[in-house]
Amino acid sequence: MTTTPRWLSESYGPGGGGAGEGILRHLDATELDPLTLLVRESAQNSWDARSGHGPVDYRVELRTLSPAEAPVWRDLLLENAPTTEHLQLRASLARSVLRVLTVTDTGTKGLGGPTRADVVAEGDRDFVSFVRKTGSSQDLDSRGGTYGYGKVVFHLTSKPHTVLVHTRCRVGDRLETRLIGWAVHTSYDTDTVEGPKTFTGRHYWGRVQDGYVEPLVGAEADDVARKLGLKALPEGETGTTVAVIEPEFGDREDAEAMRWIADAIVWNLWPKMLPEGGDAPMRFSITHNGTEVRIPRPSEVPHLRPFVRAHGDMDVLIEHKTMKRPLGRLGIRKFIAPPGKPPAVAREAGIGDRLHHTCLMRPVDLVVKYLEGPPFFEDHGGYAGVFRADDAMDRVFALSEPASHDDWLVDGLQDLDERKLAKHALKKIADEMKAASGPAAVANNAGDGVSLAGMSKMMAGLMAGAPGHGGSAVFPTTDDTRSPSPAGGHPDAGAPNPGDAGSGAPARPTAHGGRGARLRYLDEPFHDTVDGRAVLVQRFELVDTGEQLVRSRLAVALNDAVGREGDPPRGASVPTVLGWRTEDGELHRADELHTDGGDGRVWSLVVRPAPDTVTEIVVAAERKGGDA
C-alpha cells in the first residue's frame with residue numbers, strides 16, 4: 001500500500017546510542033577542504049561498491065531547481081519534518097532558490113542487503129552499513145574504506161545536513177529500487193504526546209512503520225524519485241545517487257565550487273584515470289545546471305604530470321630484508337620545475353611552489369597523501385615519487401589511517417611487527433627522497449654528462465610558442481632565458497600577436513594549419529627523459545581525418561634572441577627528432593610521422609635539444625600527397 005513518505009526522528013532506546021553531533025565530529029580532525037573530502041570519500045565508496053563488470057562511472061551534478069520542481073520538493077519533504085530548532089531543513093526548503101548536488105555511481109552494486117540493522121543475513125549488508133550504521137569497521141579485501149564515518153561528508157556538505165539516497169540493487173534474481181532520506185544533526189530533549197523524550201539527532205524520511213523508517217521501494221520509489229527530478233539509472237543497471245539538499249560551499253560561488261571539485265578529482269583520484277584515453281577503472285564527469293565542467297587529464301596538469309610519469313616507473317622495491325617482507329614499490333622522477341603555481345587543491349594537499357613529494361597509495365590506487373621530502377638542491381629542479389603499498393601490506397596501512405583516510409599514522413599501530421614494517425617503509429621512502437634531492441648527472445643529447453643544476457638553468461625558460469605560431473619549446477642558454485622571437489614561427493602560421501615578441505611570458509599553443517591539415521597542441525612542451533637522456537616533449541592531436549604526413553621544424557635561436565640559427569657552426573650540437581610517441585608510450589623512431597588523423601589519438605613529438613642553446617620546435621601536418 002502506497003503511503004505519503006514522511007519524517008521520523010530517532011529517539012534513544014533504553015540502551016542509549018550514538019549522538020548525531022558525535023557522528024559529525026569524526027571528520028573534524030582533517031584539514032582537508034569539505035569539497036575535497038566529499039570527492040575523496042564518495043569516490044572511495046563508489047569504488048568499494050564496484051560490481052566488477054567494467055569501469056565505475058562517477059558523476060557529480062549541481063542544479064538549481066526550476067520553479068516547477070521546487071514546490072514538489074517542499075510538498076514531499078515537509079511532511080512531519082522536525083522543527084527548525086532541531087533541523088534546518090524547513091528553513092532550507094523555504095528559500096526562494098533551491099539547489100541540489102547529486103553524486104551518482106554506476107557500474108556499482110547499489111545498496112543491497114537487508115534494510116533493517118537488526119536482521120542477521122549473509123552476503124551484502126551495504127544498505128545497513130551506509131544508512132543505518134555509523135563507525136562500524138570493515139576488513140574487506142580491495143576496499144578503500146575501513147571506518148564507517150566517511151559517508152557523513154554528504155551531511156557535512158548540506159546546509160541542513162540532509163540527503164536523499166536513491167539506489168537500485170539486486171535482491172535475489174530481481175532488481176529493486178530504494179529511496180530513503182536521512183538527516184544528522186545534534187541530539188536534543190523535547191516534550192512529546194508521550195511525555196518528555198530524548199532524541200539522537202538522526203532523522204529518517206520514508207515509509208514509517210513500527211516505530212522506524214523503511215525506504216520506499218519498487219514502483220513507489222521510482223515514482224517519487226521521478227517527481228523529485230532525480231535522474232533514473234540506466235535501464236537494467238545498478239548503482240546509487242546521493243542527493244545533497246542545499247549544498248554549502250562557504251564563500252565560493254557555485255561555479256567556483258564545481259571547478260574545485262574537478263581539481264579535487266584530478267589531484268586525489270588521478271591513478272583511477274589511468275591509462276588516459278584507454279580502459280581506466282573509473283570515469284568521471286561533472287555538470288553544472290546542464291553544462292559540462294571539464295576535468296583535465298592528469299598529464300595535462302603541469303604540477304601533476306611528474307607524478308603520472310613516476311607512476312609508470314615504480315621499479316624500486318621497498319622491502320624489509322630482515323623480515324623478508326615486500327612493503328611496496330616506488331618510482332621517482334626528477335624534472336625541471338614546471339612554470340607557475342599549482343592549483344589551490346594541490347596546495348591544500350601540501351604541494352608548494354616546488355615539488356619534492358611522494359604520493360602515497362594503497363593497492364586500491366586512491367591517493368592517501370603527498371608526503372613531503374627534502375627540497376631539491378637546486379631552485380629550478382624537483383622530484384616526484386609514487387609509492388604503492390604491497391597487497392600484503394594493505395591491511396596494515398589501512399589500519400593506520402584516520403577516519404578521513406588522508407594520512408598513515410603508523411605510530412598508532414598496535415601490532416609491533418606491523419608497526420615495524422610500516423615505519424620501515426616510510427623510512428625507506430624518506431631515504432629515496434633524500435637521495436633524489438641531491439646533485440646527479442643527466443646525459444645531454446651528445447651523451448656527455450651535465451649536472452642537473454646546469455640543466456635546470458638551461459630549462460628555466462621552457463615555454464610554449466606565441467599564439468598563432470604553433471608550439472615552440474625553449475631550451476635556453478645559461479646566460480639568456482628569453483623566448484625566441486615569434487618571427488621564427490612556422491611559415492604558414494598567422495601574423496604575430498602584438499607584444500608577443502621577446503616578452504618571455506608563457507603562451508598556450510593554439511591550433512594552426514600545415515599544408516592543408518590542422519593539428520592542435522594539447523599543452524605546453526615539457527621536459528622528460530628517454531633512455532636516461534633529457535628530451536623535450538610536445539603533445540598534439542591531428543584534427544582533420546585521412547592519411548597525413550607530420551613533420552617538425554627545429555631551430556636554434558641566437559643568444560641575443562634576434563633570430564634563428566639555420567646552419568650551425570661546424571661541430572656544433574643541433575636539436576634532433578628522437579621520434580613520435582603514442583599515448584601508451586611506444587616510441588616510433590623516425591624523422592617524420594605517417595598516420596591517420598581525426599581519430600582523437602594523442603601523439604608526442606620527442607626532441608633531443610642542443611645543450612646551451614635555445615631550441616624552437618614547430619610541428620606541422622599535411623595531407624598525404626601534399627607538397628612538402
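How many helices and strands does the secondary structure of the protein chain come to? The count is 13 helices and 30 strands, taken as DSSP runs numbered from the N terminus (helices H or I, at least four residues; strands E, at least two). The model is predicted, so local features need pLDDT of at least 70 and side-chain atom pairs count only at pLDDT 80 or more, while totals for chains, interfaces and linings use all residues. Residues are numbered from 1 along each chain as its sequence is written, and side-chain values use heavy atoms, with hydrogens and water left out.

The protein chain holds 628 residues, of which 53% are buried. Buried means under 20% relative accessible area, exposed over 50%, and partly exposed in between (1.4 Å probe, protein chains only). The accessible surface comes to about 27,000 Å². Carbon and sulfur atoms account for 48% of that surface. Areas come from the Shrake-Rupley method with a 1.4 Å probe; for residues, only the protein chains shown count as cover. Among contacts (heavy atoms within 4.5 Å) between residues at least 6 apart in sequence, 69% join residues at least 24 apart.

Pockets and cavities were located on a 1 Å grid over the protein atoms alone. A cavity is a set of points where a 1.4 Å probe fits but cannot get out. A pocket is an open set with protein on both sides within 12 Å along at least five of seven lines. Lining residues have an atom within 4 Å of a point. Grid points are joined across faces, edges and corners, and a volume is the space filled by probe spheres set on the points.

The largest pocket holds about 890 Å³ of space. It is lined by 31 residues, and Leu8, Ser9, Glu10, Ser11 and Gly211 are the closest to its centre. Two or more lining residues come from each of β1 (6-11), β6 (188-192), β7 (195-209) and β8 (212-214). The largest share, six residues, belongs to β1. By class, the lining has 12 nonpolar, eight polar and 11 charged residues. Here Ala, Val, Leu, Ile, Met, Phe, Trp, Tyr, Cys and Pro count as nonpolar, Asp, Glu, Lys and Arg as charged, and the others, Gly among them, as polar.

The second largest pocket has a volume of about 680 Å³. Of its 25 lining residues, Arg309, Thr582, Glu583, Asp584 and Gly585 are the closest to the centre. At least two lining residues each come from α9 (305-311) and β22 (526-530). The lining of the second largest pocket divides into five nonpolar, nine polar and 11 charged residues.

Three cavities of 30 Å³ or more are found in the whole structure. Helices α2 (34-48) and α8 (254-269) and strand β16 (367-372) each supply at least two of the lining residues. The largest share, three residues, comes from α2. Five lining residues of the largest cavity are nonpolar, five polar and four charged.

Strand β16 also holds Val368. Val368 counts as buried because its relative accessibility is 4%. Its contacts beyond four places in sequence include Arg40, Leu360, His405 and Trp408. Asp365 lies in the loop between β15 (356-361) and β16. At 17% relative accessibility, Asp365 is likewise buried.

Is Ser158 buried or exposed? Ser158 is buried, because its relative accessibility is 1%. It sits in the loop between α6 (153-157) and β4 (162-171). Its side chain reaches the backbone nitrogen of Thr162 at 3.0 Å. Beyond four places in sequence, Ser158 touches Val244, Ile245, Glu246 and Pro247. Lys420, in helix α12 (residues 416-436), is partly exposed at 46%. Lys420 touches His320 and Met323, leaving aside residues up to four places away. The C-alpha atoms of Lys420 and His320 are 9.3 Å apart, although 100 residues separate them along the chain.Such a polar contact is a pair of N or O atoms within 3.5 Å; within protein, one must be able to donate a hydrogen and the other to accept it, and residues adjacent in sequence count only if both atoms are side-chain atoms.
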